[in-house]
Amino acid sequence: MSLTLADVVGLLDARYPQHTAESWDAVGLVVGDPQAAVRRVHLAVDPVAAVVDEALEAGADLLVTHHPLLLDAVHGVPASDPLGALVHRLIRGGCALYVAHTNADAAHGGVAQALADVVGLVDTEPLLPGAGQALDKHVVFVPTADAPAVLEAMADAGAGTVGEYERCAWTTTGTGTFVPGAGANPTVGASGRREEVDETRVEVVAPRAIRAAVVRAMVAAHPYEEPAFDVLELATRPGSTGHGRVGRLAAPTTLRDFAQRVADVLPATAGGVRVSGDLEAPVRRVAVVGGSGSSMFDAGVAQGVDVFVTSDVKHHPASELREAAAHAAGAGEPARPAVIDTAHFASEWPWLPAAARALADDAAGIQETLETFVSRLCTDPWTARFDPRT
């Protein structure tokens, strides 16, 4: 029995959660019947006509692209429109379309990490870390004899997981005091009389998204008519995902040799690879951003990188960095960072083989087989470059 499109979308969403995409982005399933069978998946950077033709000729049931087909809002997809024509061709050919864009940029094993890997970075971390998971701390006071049962109920609801550890909690004991009112039905004591009870203070953390479920579970398991508890919102720490990657080279090199390495490992394009900086300068620490990443230059400067690798660098940001590097050199400081500007398509293509392997492995993990194929069509829009005659 083969996987359905819904099954494969679930695997992709687990790797590249749609909620991590930028608010302006358009990701997820674009075309396709969730109940249709999927046996062959085609992966490409751009959903352009040549890629759609290639996917259909290869018998693909699903085309996964990095760039969206319908990034801007549309009110129709008539076949007379270039984008609408692709939608109709995919539907007629029985091929679904799924997009993983900015959610794939920031993910573990995503676009940024794939670029870092192919240019030889080690000990990488996000250049701009995303926010970590929003957490609560639940504090509840329970008669000591009942504390294990209350803690177990909260853990069953999802509380107390820290990394690879489950049912994590902190407890201490003390004395709880209360006076039941006339209308109360106390578990311990009697109305109008002050009571003292040996109690345990139980503290556990839990994702904020399941707050209501954890509180319900605690109240249901608690022996008191009116449990005493607090829910505290914890400060959000930087997460392990995020845009770009920064790391070091296993062995230092020069900007000249590193730029050549970048050119060698990325797909060839008409624009090639451009460099701004002293070609003989040493390179040890590097920042990379797949696609357009010049907006993150300041983060690279703050990280003390020797070179920043990205795409679509405009004149002014590159000029300002070069002038700042020259000023630093004049003051006896390292002249950094240099900039390596690649084609947008080229910097994002290394993610495709990594994504194909990950998807096939995920399918194998549930005892299913997916055939994956990575497009090697160059979909960079620039087709030629002319140098002056010499």
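Reader: Where is the place of Gln367?

Author: Gln367 sits in the loop between α12 (351-365) and β17 (371-374). Helices here are DSSP runs of H or I with at least four residues, strands are runs of E with at least two, and both are numbered from the N terminus. Bear in mind that this is a predicted model, where local features need pLDDT of at least 70, side-chain atom pairs count only at pLDDT 80 or more, and totals for chains, interfaces and linings use all residues. Residues are numbered from 1 along each chain as its sequence is written, and side-chain values use heavy atoms, with hydrogens and water left out.

Reader: What makes Gln367 count as exposed?

Author: Its relative accessibility is 69%. Buried means under 20% relative accessible area, exposed over 50%, and partly exposed in between (1.4 Å probe, protein chains only). So Gln367 counts as exposed.

Reader: What is the phi of Arg167, and what is that of Gln367?

Author: Most residues other than glycine have a negative phi. Phi of Arg167 is near 55°, a positive value, and Gln367 has a positive phi of about 65° although it is not a glycine.

Reader: Why are α2 and α3 called roughly parallel?

Author: The axes of α2 (residues 49-57) and α3 (residues 82-92) cross at roughly 5° and come within 11 Å. Those axes are lines fitted to C-alpha atoms over the stretch in contact, with angles from 0 to 180 degrees between N-to-C directions. Angles under 35 degrees count as roughly parallel, over 145 as roughly antiparallel, 65 to 115 as roughly perpendicular and the rest as oblique. Therefore α2 and α3 are roughly parallel to each other.

Reader: Which residues make the contact?

Author: With contact meaning heavy atoms within 4.5 Å, α2 brings Ala49, Val52, Asp53 and Leu56, while α3 brings Leu86, Arg89 and Leu90.

Reader: How do you know which of these contact residues are nonpolar and which are charged?

Author: Ala, Val, Leu, Ile, Met, Phe, Trp, Tyr, Cys and Pro count as nonpolar, Asp, Glu, Lys and Arg as charged, and the others, Gly among them, as polar. The contact of α2 with α3 thus divides into five nonpolar, no polar and two charged residues.
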